[in-house]
Amino acid sequence: MEYRIRKFKPEDLDDIKAITVEGFSGVSLDHALEEKLGGELAGHDWCWRKTRHIDDDLRANSEGLFVAEADNGSVVGYITSTIDREAGKGRIPNLAVTSKARGQGLGRALIEHALDYFRSEKLEYAVIETMESNPIGQTLYPNTGFREIARQVHYAQ
């Protein structure tokens, strides 16, 4: 199947949120919080909390959200990005690909697209984070040129 990467359109939002839930199950801080603290928090499950990140990313930089679209028109992946011009930094907060489209280089293509976007914006560096529980991110990000800089431990009560 062929894919193309394009800018986000508002009608993509429901698909992106569904891909977020599928892609971040077991590998997001929101999911880990729910599992460690014993269920829903403040009346909301991890899916609700995690999909709100997409709304935040859109508010922060709607021009930096890109989707991967299959030749049949379905959205099969996405990447979000934010820009801190003063710091010269591009950040990739969220990246996900449907299970059916994984293993075909789509995550790599989305990252390369975001990095091209950062270069066009004259940014000096880019950052991305992953959880220890995310083996795909731990393999993909170094394979696209990212280097591990530091580790962070999350605590909650």
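Thr-80 sits in the loop between β3 (75–79) and β4 (82–84). At 1% relative accessibility, Thr-80 is buried (buried means under 20% relative accessible area, exposed over 50%, partly exposed in between, with a 1.4 Å probe and protein chains only). This is a predicted model: local features need pLDDT of at least 70, side-chain atom pairs count only at pLDDT 80 or more, and totals for chains, interfaces and linings use all residues. Residues are numbered from 1 along each chain as its sequence is written, and side-chain values use heavy atoms, with hydrogens and water left out. Helices (H or I, at least four residues) and strands (E, at least two) are DSSP runs, numbered from the N terminus.

- Beyond its neighbours within four places in sequence, Thr-80 is in contact with Ile-54, Asp-57, Gly-64, Leu-65, Arg-91, Ile-92, Pro-93 and Asn-94 (contact means heavy atoms within 4.5 Å).
- Thr-82 belongs to strand β4 and is buried, at 16% relative accessible area.
- Leaving out residues up to four places away in sequence, Thr-82 touches Ala-60, Asn-61, Lys-89, Gly-90, Arg-91, Pro-93 and Phe-118.

**Packing of α2 and α3**

- The axes of α2 and α3 come within 8 Å and cross at roughly 160 degrees (axes are lines fitted to C-alpha atoms, for helices over the stretch in contact, and angles run from 0 to 180 degrees between N-to-C directions).
- The two helices, α2 and α3, are therefore roughly antiparallel (angles over 145 degrees; under 35 counts as roughly parallel, 65 to 115 as roughly perpendicular and the rest as oblique).
- From α2, the contact uses Asp-30, His-31, Leu-33 and Glu-34; from α3, Trp-46, Arg-49, Lys-50 and His-53.
- These contact residues divide into 2 nonpolar, 2 polar and 4 charged (Ala, Val, Leu, Ile, Met, Phe, Trp, Tyr, Cys and Pro count as nonpolar, Asp, Glu, Lys and Arg as charged, and the others, Gly among them, as polar).

- Most residues other than glycine have a negative phi.
- Ala-42 has a positive phi, near 55 degrees.
- Ala-42 lies in the loop between α2 (29–37) and α3 (46–61) and is exposed, with a relative accessible area of 77%.
- Lys-122 also has a positive phi, of about 65 degrees.
- Lys-122 lies in the loop between α4 (106–120) and β7 (125–128) and is exposed at 70% relative accessibility.
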